[in-house]
Amino acid sequence: MDKRLERILPRVQKPARYTGGEYNAVMKNRDEVEVRYAFCFPDTYEIGMSNLGMRILYGIMNEMEGVWCERVFAPWGDMEEEMRKSGMPLYALESGDPIRDFDMVGFSVGYEMAFPAMLNMLDLAGIPLRTEERTALSPIVYAGGSAMYNCEPIAEFIDFASIGEGEDSTVEVIELYRRAKREGWDKPRFLREVAQIPGIYVPSLYDVSYNDDGTVAAITAKDGAPAKVTKRIVQDMNKAYYPAKTIVPTTEIVQDRVSLELFRGCIRGCRFCQAGYIYRPVRNRDPELCAEYARQACADSGYQEMTLSSLSSSDYPGLLPLCDELEPFCEGRHINMNLPSLRADNFSMGLMQRLAKGRKTGLTFAPEAGTQRLRDVINKNVTEEALMQSCATAFAGGYNAVKLYFMLGLPTETDEDVLGIAEVANHVVHCWRENAANHNRGLRVTVSTSWFVPKPHTAFQWEAQIPKEEYERRVELLRGAMKAKAVTYNWHAPDTSFMEAVLSRGDRRLGKVLYRAWELGSKLDAWEDYFSLERWMQAFADCGIDPHFYANRERSRDEVLPWSVIDCGVREDYLWNERQRAYEETTTPDCRSACGACGASRLIGRKCDG
Amino acid sequence: MAKLRMKFIKEEQAAWISHLDLMRTFQRCFLRAGLTVKHSQGFHPHPLMSILLPLSVGQSSVCELLDFETVEDVDTEALIRSMNEGMPVGIRVLECYDVTRPVRELKVLHARVEFEYDGGVPADAQEKLRELFSRESIIIQKRTKRKAMADVDIRPMLEEVLFAEEEDKLILTVRVQAQDPGLNPALLATAVEKELPELKPDFVRVRRLALLDGAGAEFR
Ligand code: SF4
């Protein structure tokens, strides 16, 4: 073990997250490796190790001959401080080697608030932050993950972005890099070539011009880069890699269990939901195969808990057969199955009981809006009746805690919609009185609201985020209406949501703001411990940029959106039409009931699975 | 059904695994090896396993002991083999046998404590430390379970300290009382810091070598 590290570890919290050496961590012989790959996650070990996508790509890369993929996470503040003090650069967990000596540095970025952590990790590694300062072929710094559907704010820092599911493109990119290294290409040549790989976006090969009003005038591709970069996807989930043999951390992580991926995509089409659009189309994995992977993963890891991890797992057509198949195995090994995302309309008590095996934890529902009208606007096709039905069954079965999630500031929201949230909560309380099997234990209803953030590649990508004062007024309004004693109301601190709204629909000019914010001390900004709105406002002021231009401005249909080079499969026309329908309060059926021809099926060249 | 004791090494990266995490790690390791540890009865059943004298985070050991109960009879050799196939780096199971001796017969801890001096071991260090550890009493401040600081005399728990030097290290081979109350060998450095601040080492490394009974034989 590195001597500096040995001396640092006694002084930091949870040192085991900085040592590596876990079961199933991949070790290779440095001398036999041609491409050293630092797989970076711009958040803590506990968060990063909980990410299934990262485990998939780690497995795929390490199956490649001559390639060694190692993990790198963001150190917590105490560790960072110690590392900087002792001059220890950011290292990879497997080998302990500094990542500045690696060939490729790939970030997996799932949300915009991780951008500062990315910059901080590069700095801690001793790697120049900007692509133009990195003139050599190594290290190449790039990023993938769902935040890359608009990577403009970090365009000046990354050499390229990988759009969509990385199973195939990662291998293609590494093979190209290997060739470049063997043949002695320079970096510009590599970037021109890598731009030819489908799903790869090289920001420096696109010139952006602006109108006088600050909006984007045009984005022009050069050096043969494609005008549109279409996301990559796995065509057939039955052939897709599943990490049945995967790292088992020796310290507790957020998702400390087997994560079983049943399908990708979501049939629902909620208009605010970026995941719902960018992961289209739905592709199912056969239940027999899921069961086989579940058995392998539990046996190999020794985990006794398993999560079904898909966007809306209860929509999986093979859920019942899968449960049948797995029941004896889970019984025998005392394995609990969890279903994280429940929908109020297809919840059945039988299912719940089988999944939770008598452990009566709370129920979680996300109606998102307080009235049917507004739920129609956002296409969250859940009726209050269905929600009450589910609650009634659950209360009769002995459950006594319900969590309800809503958003404030959705397009067209009125005070009536806001107050509707309190009514839903009251109805749940009433429903409990009527149906509870046992009134002695009391009821707990938790209502949480967040401030709606319009996201790119959704039907609401043109919307303005409501001003902060208005959000706070609606919170107060709702707070006043929450009278029942059994109901607790939590509202999300608004500052992060504002920054999310700025960054998620930002353009390249935000690069300098990000850089300035990092200089001022931004790092793990996804954590409340580190986030500071004042610091961001200072950075905006220093750079002469108005954040409200990005967060609180409605875009017109003909505006060139900064992320318009990126094609997520769903046509922009379709999204606009969905927005129109939202204002007409017209719902759109889910993909299983009727295909709305959004465009995503052309990515698989067949009918979507539904 | 069996009550078994397992002796294992915990070193290198694994030295940084906390006690609670180590329990979890073993639990999963048992399951990977296909062994079901017996669970307690009652509302929140937990696996019946315990680690004797939990090691401080950061210290290493070649003599850790874990007691556990199993539902079925166990082929211990096969169990050791399959567990060692899937351990985190730095943990290795050495032996597994039926529990015959109660934990209270464990009396003495044999350990190696390295004091690192970046500028070389001071010339008079051995002599002064020898003097310090042979005093009538050595009072240090120790955090109690209730988080307050209390004075503790560690001298009665200290049976033997031998000295050796190696490059920039002063090596103390110690025998200390193992339990009721036990002495964490790292506290020897605390005593030095308090009584001989000029000899405070730049880094302290502790490694357990053996667990002994009252007669000085290995406790099994
Ligand atoms: S093509 Fe049709 S079925 Fe497929 S995702 Fe789009 S709307 Fe749904």
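Buried area is the accessible area that two parts lose on being put together, summed over both. The legends below use this term for a predicted model.

**View 1. The two domains of chain B and the area between them.** Chain B splits into domain 1 (2-100) and domain 2 (105-212). Their centres, taken over C-alpha atoms, lie 29 Å apart. Domain 1 of chain B brings 13 residues to the contact, and domain 2 of chain B brings 11 residues. Together the two domains of chain B bury about 1,100 Å², with 52% of this area coming from carbon and sulfur atoms. On the side of domain 1 of chain B, the three residues B:Leu53, B:Gln59 and B:Cys63 supply 51% of the area buried against domain 2 of chain B, more than any other three residues.

**View 2. Polar and charged pairs between the domains of chain B.** Two salt bridges are counted between domain 1 of chain B and domain 2 of chain B. A salt bridge joins the side chains of B:Glu11 and B:Arg207, with an N to O distance of 2.8 Å. The side of domain 1 of chain B that touches domain 2 of chain B is made up of seven nonpolar, four polar and two charged residues.

**View 3. The two domains of chain A and the area between them.** In chain A, domain 1 covers 3-230, while domain 2 is built from two stretches, 235-340 and 566-610. The centres of these domains of chain A, taken over C-alpha atoms, are separated by 26 Å. The contact involves 29 residues of domain 1 of chain A and 27 residues of domain 2 of chain A. About 2,600 Å² is buried between the two domains of chain A, 61% of it on carbon and sulfur atoms. A:Tyr23, A:Arg55 and A:Tyr149 give 24% of the area that domain 1 of chain A buries against domain 2 of chain A, more than any other three residues.

**View 4. Pairs and elements at the domain contact of chain A.** Between domain 1 of chain A and domain 2 of chain A there are three salt bridges. A:Arg264 and A:Glu165 meet through their side chains in a salt bridge of 3.0 Å, N to O. On the side of domain 1 of chain A that touches domain 2 of chain A, the elements giving two or more residues are helix H2 (45-48), helix H3 (52-62) and strand E9 (229-230) of chain A. H3(A) gives the most to this side, with six residues. The residues of this side of domain 1 of chain A comprise 14 nonpolar, five polar and 10 charged.

How values were computed:
Residues numbered from 1 in each chain as written. Chains lettered and ligands numbered in written order. Predicted model: local features only at pLDDT ≥ 70, side-chain atom pairs only at ≥ 80, totals over all residues. Heavy atoms only, no water. Domains from an automatic or database assignment. Contact = heavy atoms within 4.5 Å. Buried area = accessible area lost by both parts, 1.4 Å probe. Salt bridge = Lys/Arg side-chain N within 4 Å of Asp/Glu carboxyl O. Helix = DSSP H or I, 4+ residues; strand = E, 2+ residues; numbered from the N terminus. Nonpolar A, V, L, I, M, F, W, Y, C, P; charged D, E, K, R; others polar.
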